[in-house]
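The sequence and the structure are shown first.

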Amino acid sequence: MKNLSIKTAYLALLQALLFMSNMTNAQVKPADPVYDVVEEMPTPEGGIEAWNEYLMENLTYPEAAKEKGIEGTVMLTFVVDEFGNLTDPQILRGIGAGCDEEALRLIKDADPWQPGKQKDKPVKVRFKQAIL
């Protein structure tokens, strides 16, 4: 009789743990993938010409870079999410003296784009950008 109640308690505990494990797994939604290439790539409002104009008009070359004679190209990535927002900007190759921060600011301040699509569904797409 004692063995039966130990087995029953053990089974009840095991079932409770499995139930809690399944609940946790059901509540955790895997992150949406971030694509590098999709059927319909994201586009800035007004097209690439408008994007280049935005970059040229809004870039402020940092005084520290001017004083130190630092010139070059900042390479960065960002994600155009399924709503067109530019998110997760990251420097791939910086040149310092405030230029990296200015490049990040340009991306963070930019207007939303038309999102990329895969099988007619808006998806997240990673973009690479050079800022001169």
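## Overall organisation

The structure is a predicted model. Its protein chain contains four helices and seven strands. Read from the N terminus, these elements follow the order α-β-β-α-α-β-β-α-β-β-β.

The protein chain has 132 residues, and 27% of them count as buried. Its accessible surface is about 9300 Å², and carbon and sulfur atoms account for 57% of that area. Of the contacts between residues at least 6 apart in sequence, 75% join residues at least 24 apart.

## The nonpolar core

The largest nonpolar core comprises 17 residues. Within this core, the residues that touch the most other members are Trp51, Leu76, Phe78, Leu86 and Trp113. Two or more core residues come from each of the elements α2 (47-58), β3 (74-80), α4 (99-109) and β7 (121-131).

Which residues does Trp51 contact, leaving aside its neighbours within four places in sequence? They are Pro44, Phe78, Leu86, Ile107, Ala110, Trp113 and Gln129.

## Helix α4

Several residues of α4 are buried, namely Cys99, Asp100, Glu102, Ala103, Leu104, Leu106 and Ile107. Asp100 and Glu102 are included among these buried positions, although both count as charged residues. The buried residues of α4 pack against two helices, α2 and α3 (63-68), and against the strands β3, β4 and β7.

Because an α-helix has 3.6 residues a turn, residues three or four places apart point the same way.

## Pocket and cavity

The largest pocket has a volume of about 170 Å³. Its lining consists of Asn52, Leu55, Met56, Leu59, Leu106, Gln129, Ala130, Ile131 and Leu132. Both α2 and β7 supply at least two residues of this lining. By class, seven of the lining residues are nonpolar and two are polar, while none is charged.

The model also has one cavity of 30 Å³ or more. The largest cavity has a volume of about 70 Å³, and its lining is formed by Leu59, Tyr61, Pro62, Gly72, Val74, Ile95, Cys99, Glu102, Ala103, Ile131 and Leu132. The element that gives the most to this lining is α4, with three residues. Nine residues of the cavity lining are nonpolar, one is polar and one is charged. Leu59, Ile131 and Leu132 are found in the lining of the largest cavity and also in that of the largest pocket.

## Contacts across the sequence

Two residues illustrate how separate parts of the sequence meet. Ile95 lies in the loop between β4 (86-93) and α4. With a relative accessible area of 24%, Ile95 is partly exposed. Ile95 and Thr73 are 22 residues apart in sequence, yet their C-alpha atoms are 7.1 Å apart in space. Not counting residues up to four places away in sequence, Ile95 touches Tyr61, Ile70, Glu71, Gly72, Thr73, Val74 and Asp100.

Val123 belongs to strand β7. Is Val123 buried or exposed? Its relative accessibility is 9%, so Val123 counts as buried, the cut-off being under 20%. Val123 and Val34 are 89 residues apart in sequence, with a C-alpha to C-alpha distance of 7.4 Å. Leaving aside neighbours within four places in sequence, Val123 is in contact with Tyr35, Val38, Val80, Asp81, Glu82, Gly116, Lys117 and Gln118.

## Positive phi angles

Ala97 has a phi near 55°, a positive value in a residue other than glycine. Ala97 lies in the loop between β4 and α4. At 22% relative accessibility, this residue counts as partly exposed.

Lys119 also has a phi near 55°, again positive in a residue other than glycine. Lys119 is located in the loop between β6 (116-118) and β7. The relative accessible area of Lys119 is 68%, so this residue is exposed.

Technical notes: Residues numbered from 1 in each chain as written. Predicted model: local features only at pLDDT ≥ 70, side-chain atom pairs only at ≥ 80, totals over all residues. Heavy atoms only, no water. Core = buried A, V, L, I, M, F, W, Y, C linked by side-chain atoms within 4.5 Å. Buried < 20%, exposed > 50% of the residue type's maximum accessible area, 1.4 Å probe, protein only. Contact = heavy atoms within 4.5 Å. Areas by Shrake-Rupley, 256 points an atom, 1.4 Å probe, with all protein chains shown as cover. 1 Å grid on protein atoms, 1.4 Å probe; cavity = no way out; pocket = protein on both sides within 12 Å on 5 of 7 lines; lining within 4 Å. Points joined across faces, edges and corners; volume = space filled by probe spheres on them.
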